[in-house]
Amino acid sequence: MLSFLPVLLLNALIACALGSSDYDEKLLLRPLPQDTLLASFNFRSNESAAAFEQQNFRFFPRSLGQILQHARAKELHLRFSVGRWDAENWGQRPWNGAREGGTGVELWAWVEADNEAESFAQWLTLTNALSGLFCASLNFIDATKTIRPVMSFSPEGDHSNSSNLHLLHGTLPHEVVCTENLTPFLKLLPCKGKAGISSLLDGHKLFDASFQTMAIDVRPVCEEGGASCSVEMEQTVDMVLDIARSKRPRDNPIPRPLPIEQIECDTSKGYNAHDTCYPLNKGTEPAWTLEEVFGRPLKGGCPLVDDVGDDANTVCINTPPERTLQVNTTEQYFETRLVYDTLRCYKLPTGADFDLVLPEQQMKTGLIRAEPPLFAARSINGHGQERGSTQAIIRNPSTTEAVEIVYLESLPWFMKPYLHTLRARIDTTPESPIKETYYRPAVDRQRGTHLELRLVIPPSSTLTLTYDFEKAILRYTEYPPDANRGFDVAPAVIRLLSPPPGDRKGIYVRTTSLLLPLPTPDFSMPYNVIILTSTVMALGFGNIFNLLVRRFVGVDEVPIGAGGLKGVLQGKLMRLKTVFGKT
Amino acid sequence: MALISSILALRRDARIQKIPPYLSAFCIIVGIAWLLVLPLNEYSRKTYVSENALLPGQVHTYFTGSEHNVFRAYRHEVDALSGTSVEERTRRLAEIFRSQNLKVATQKYNYHVSNRTIANENVYAILQGPRADATEAIVLIGAWKNMADEVNTSGVALVLTLARYFKRWSLWSKDIIFLVSGDSTSGPQAWVDAYHDGHDERYVESLKIKSGALQGAVAVDYPAGPWGHRYDKLHVVYDGVNGQLPNLDLFNTAVQVAGGQMGVGAVIQRMWKHTDTYQERLTTMLRGMVSQGMGHATGPHSSFIPYHVDAITLVTVGDGWHDEMTLGRIIESLFRSLNNLLEHLHQSFFFYLLLQANRFVSIGTYLPSAMLIAVSFSITSIALWVKSGRPSEPTANFASTNPESKAASHPIPSPSTSESVEDDSTPAKPSESEEPPTAEETQKPADPPVLIHTPSGSLSLLPAPSLKITERHLLFPLLSVLLSHLLGLLPLYLFNTWPAPSLPPLYLTAANLTTLLPLAIAYFLVLEAPPTPQQTTLVQCFSLLLLGMCLAGLATLNFSLSFLVGVCTAPLNFVHKARSKGGNVAQLAGLMLVNPLVVVQVGTQLLGGRMEEVLVKAAEGWVVWGLWTQVVVWVVWFPAWVCGAVVVAVGVLE
C-alpha cells in the first residue's frame, strides 16, 4: 500500500508572489493517478497604470492593451477550454477552478460606461476586437448570448471608481478550441514561445490532452492605500496529459497493440498460457521526460524573468520525495526543495535545453490529493421534440462544513425553462436549499434566460436541481448547417461563497455543456416545395397565356365551308389572297 | 360544371351501388399484388450510404496481436462467471472495467410481469472521449444472455477487450458506453429508460453516472464458450420495439464494413442462404414484415430505437473460418464510422423493407400496398352509409327510358305540386321515427309513384321514392360499435395481468368464448330488440370506417402490422346479412376462421412458436417494453371482427 504525505495547497503557494516583478513565469507539474500529468503554466506580466495609459507597453502586449483601452474594459477574463476535469480521480481543480472556463469559449469583463446601452456597445466592440485577435468566433457573442451576472462573479482587481463598471458575460459552448487560438495566445508572451516554459507549448500535445484550458486575465492591481497601481496580465494554461498517449511519437501516433512480451500477465490465473494473458496494471509510475511528453525540448529560461528570488524558480514538480528525478542540461541550474521535499523547483539555465527525466518506478508513498469542495454533474432528461428537463446533481463531500454556492445558468432563448417546475431537493433534509433567486426570462431572438440561485448544501448531502423546459421551433434560416446535431447549451457556473476562498479569485466549478436536440425540419423539403410551386406556376402560366393569346371566334363567325382537305385549302388560299391583295 | 353535375347525377344511379364491393376487392387484390412485385429489380433499390460523414470501411483496424491474448483471458474470466450469482458477476465485471480506468456503475432492475419477477443487474462503463465534452455518446452492448438464453461468453469478453483497446485511442469525439446488460430485452430497456429518466423508480434503479445524448448503439451476440467458435456469417438484427427501425445508414455501414472490409457476409431475417432469387427476396421481406408486425424486441438493440437511438445487433451464425478478432475489428471499424458523425443519423431512410442485405424498398414504394387495403374498408363503409340512407326496395332509375322500369314505377302523372311534396315528407317523419323504417319503405310502392315538380313553370317528373327522405338512426349503431371496442379492453387487461401459468387456459377460454360471442350477442339482440336492416348496415359501416381509418394511420407507423391486420380483416368487406339462411351460415363459418385468436394461434404454429411463450412475451412486452401490438389486436382488429360476425349471426338467427 502507498502511504500518503500531507501536502499544502500548492496553487496558493505558487501564485502568492504578487506583483513583485514585471514578468515571471511558472510551470507546475503534478503527476495524477491513472498515468496522467497535470501541467499548469502561468505567465504574469505587469505594467504600471501610468505607462499603460500612455501606451508605453513593455511586457504587456500592445495589441491587447489597445483593445482594452478602446473598449474601456477595466478587467477582462477570457477562457478557451476543451475536455473535462475528472474530479473523482484527479481531485481539486487547478487554481480552484478560477482559471478555467466552460467547454468552448467564455468571456467576461468589467466595462466602464455611463449606462447599460453604452456598456453593451463597448462590449460588442470588445468581443469583435478580441475575435480578430484570437481567431475565435467571439463576435458571435451577441445580445442573446450575453448576460449580466449579479452574484456569480466579483472583480479580482482594485477598481477605484467601481460605480460605473458593468459586468458582462458571454459564452460560446460550441466553439472548437484549436491551434489557431494557441498561436495568438503565445504571441502575447514576451518570449513568444521561443524560450522559457512557453517553448513547451505545442498544439499537437496541448489539444491531445484530456483536459486543457487557456486563460487570459487582465486586472488592475493597486498597492495598499492605492499609492501605485499597475495593470496585471495573467496567462494560464492548464493541461492534463495522458502520459502513454503523449509519449507516442508524432510520426507514429497509432496505439497498436503492444507485443505480448511487453504486457505483464497475471501468471496466477489457471488459464495463463502463451496465447492467453490476463493483463495486469503494473502499479508503477510511468517513465517520462519533458521532451517526450510535450513533444519539444524546454529551450532554457526566458531571459526576461528576474534571476533572483522565488520568481526565478520557474519549473516545479510536485512528487513524493522518493521519486527519482534526473535533470538533463548542459548549463548550470539550481534546485530548491520546498514543502517537506514534495515540491522540487528549478531555476532554468538560459540558452541551453533543460529536461527532467523520470524513470519508471515502483512507489511506496503517494501524495494526498486535495478533495474537491463540490462534485457537479448536469444532464438533459426526457426525450421527444417538444419538452425536456434538466437535472443538475451537486454533491457536497465534506462531512463537517456546509457549502454556500451560487448556481448560474445562461440558457439560449430557444430553450424555455418553466420556472414553476424548478425543484431543488436535498437528500438529507426537507428544507429548501434555495436562499435567493435571480431570474431574467428570455425574449425570443432578443436575449437568453439568465438564472442565478444562491443555495446552501448541508454537509455530505446531494442537491438535485431540476426544471422542465420547452423547445422552441426556429425559423428555418436560423438553423446552423449541421442542424441535426442539436444545439449546445452553455455549462452551468457554480461559485462557492463559503467556505471563503483564500484569495480574490474565488472557487469555481463548471459542469459540462449540454446538447439540446430541437425539432428539425427535413431540409430536403424546400426542394420539394420549389418543385411543387414551379409546377403550379407552370400550370397557371400555361392557362393564362393560352387565354390571352388564343383568338376566340364565335361559331356563327366561322364560314360555313366544306370541311376536310378542301376546306383547309380554301382557307389557305383565302389567306394568301388577303396577304397579296393588301400589298 | 357540366362534369360536376353529371357526376352528381350519377350519385343517384342504382348501378353505382353495385360497384363498391368490386372496387374494394380490386383494392385488396392490387394491394397484395403490389407487395408481391416489390422484390423485383424495378421496384427495389440497392442500398447506399447516404451520410457522407460515415465513410464505412475507410479506416485501418488495429485490433489484433496481443489483444487476442487478452481476449482469451477475458473469455475465461467471463466463462468462470457463468455459474455465479448476479452480485458476484456484477462485482467482477465492474472490477475489470475499473482496472481499465473507466468509470463504472451498476443498475438493478426488478420487473413484475404476469406474476413472475424479472430481476437482474446491468453493469456499464463510460469511456470519456479524451477531447469530448460529454455531449454525445455511443453504446456498445454485450447482453449477458442472448435471445436464446445462452450465456454470451465471447460477446461479453469482446466488449471487455474492446473497452481496454478503445481506451488507448485519443481520437474519440464522443463518449463510449460499454453496457453489459443482465438479459437481452428487459435489461437494455431498464437501462435506456433510466438514461432518459423515463423509468419507474419502484422497479428500475436510476443511473448513477450518465453521458451525453446517445447517437447510436451496437450490440454483440457471440455465445461461443471458453474455447471459441469460428463463425461463418454475421446476422444483422435491426427490428425495434413496435416495428420501429434504425436509420438505414447504420445498417448499411455494418453490412459494408462486415462484407466490404472484413469479408464476412451479412445476412438478415434468419435467411442463412440467400441466392438472390425472387422467392428468397420475398421470403426475406415477409419474414421482416412478420417480425415488424409483431413488434417484439428482437435483440438488445430493440429498446433503444423508440428513443430515437439507432441500434443494431450483430449475431454470429454458422460454422466458418471467421474468428472473434474479425468481429472485434468489424466493431472497431463501425465505431470509427459512428465516431465520425457530426450530426445525429438522419440522412437515410427510417422506413424500409429489406429484401436482402443490400437491397431495400423505400416507404414511397411499399406504402400504397397497405394504404390500398385500408382504403378498401373506407370504400365499403361509404357504400354502406349510402345504402343505409336508401329505401331497402330498389327504386327505378328515374333517368331511364327502359320501358320495364317505367312500367314498374307507373308513369301515369298524378297531379301534385311542390307543396304537396313537402306535405308528403313532413308528416312522414314522426311516423318514421316511431316505427321501423322497413315497414315504411315496404309500403312505398303503394304511394303515388311519380310527382310533378313545377318550380318555374317547367315540369319535371320524379319518382316518389327518390324524394323520400330516409332517416338514419345512429344511436344504436354508434353505441354498439363503441361497446365492441370497449369490450376489447377486457381481454387486453386480462392477458397482461394474469399470472403466466394461467395464460394458456385463458387463451383457450377466450378463443372459445369469442367464437360463440357473436352468436350470443345476436341471439340476445334478436330476442330483445331485433335490429332493422338499416341498423345492421350502419353497425357494419361504422365498424369498417373505424377500421379503415385506424389501419391507414397505422400504416404510416407500422406498415407491416397494418398490412397483416388488413389482410386478415379483408373478408369483413364482403360479409353482409344474406337473404338466405345458408348464405349466412356459410359466412359465419368463414368468419370463425378469421377470428383474431384463431389467426394468431395458426400463425404461431406456422412460424414454429409456442403459444404459452408468445403470451408470456406479449405480457412482458406490454409491461416492460411498451408494446402496442396487443392494443391493435384487441381494440382495432377484434372489435371489427365482432361487429362483422354479429351482423352475420343476426342473419343466421332471424
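Is Cys191(A) buried or exposed, and what is its relative accessible area? I looked this up first, bearing in mind that the model is predicted. Cys191(A) is buried, because its relative accessible area of 11% falls under the 20% cut-off.

**Entry: the partner of Cys191(A)**

I then followed the sulfur atom. Cys191(A) forms a disulfide with Cys302(A), and the two sulfur atoms sit 1.8 Å apart. This pair ties together distant parts of the chain: Cys191(A) lies in the loop between α6 (179–187) and α7 (203–206), while Cys302(A) lies in the loop between α9 (290–294) and β11 (313–318), 111 residues apart. The S-S torsion is about 70 degrees, so I noted the disulfide of Cys191(A) and Cys302(A) as right-handed. Cys302(A) is buried too, at 6% relative accessibility.

**Entry: Cys222(A) and Cys229(A)**

Next I checked Cys222(A) and Cys229(A), which form a disulfide with 2.0 Å between their sulfur atoms. Their link is right-handed, with 100 degrees about the S-S bond. Cys222(A) is partly exposed at 22% relative accessibility, and Cys229(A) is partly exposed at 28%.

**Entry: Cys265(A) and Cys277(A)**

Which hand does this disulfide have? I found a torsion of about -105 degrees for Cys265(A) and Cys277(A), so their disulfide is left-handed. The sulfur atoms of Cys265(A) and Cys277(A) are 2.0 Å apart. Both cysteines lie in the loop between α8 (243–247) and β10 (288–289) of chain A, twelve residues apart. Cys265(A) is partly exposed at 22% relative accessibility, whereas Cys277(A) is buried at 1%.

**Entry: the cysteine tally**

My search of the whole structure gave four disulfides over all chains. Cys135(A) is in no disulfide, and the nearest cysteine sulfur, on Cys178(A), is 11 Å away. Cys135(A) is partly exposed, with a relative accessible area of 43%. In chain B, Cys568(B) is in no disulfide either; its nearest cysteine sulfur belongs to Cys550(B), 16 Å away.

**Entry: chain A as a whole**

Stepping back, I counted eleven helices and 28 strands in chain A. How does its radius of gyration compare with that of a compact globule of 583 residues? The globule would have a value near 25 Å, but chain A has 34 Å. Its C-alpha atoms fill a box of roughly 125 × 75 × 60 Å along the principal axes. I also noted that 50% of the 583 residues count as buried. Among contacts between residues at least 6 apart in sequence, 75% join residues at least 24 apart.

Key
Residues numbered from 1 in each chain as written. Chains lettered and ligands numbered in written order. Predicted model: local features only at pLDDT ≥ 70, side-chain atom pairs only at ≥ 80, totals over all residues. Heavy atoms only, no water. Helix = DSSP H or I, 4+ residues; strand = E, 2+ residues; numbered from the N terminus. Rg over C-alpha atoms; globule rule 2.2 N^0.38 Å. Buried < 20%, exposed > 50% of the residue type's maximum accessible area, 1.4 Å probe, protein only. Contact = heavy atoms within 4.5 Å. Disulfide = S-S within 2.5 Å.
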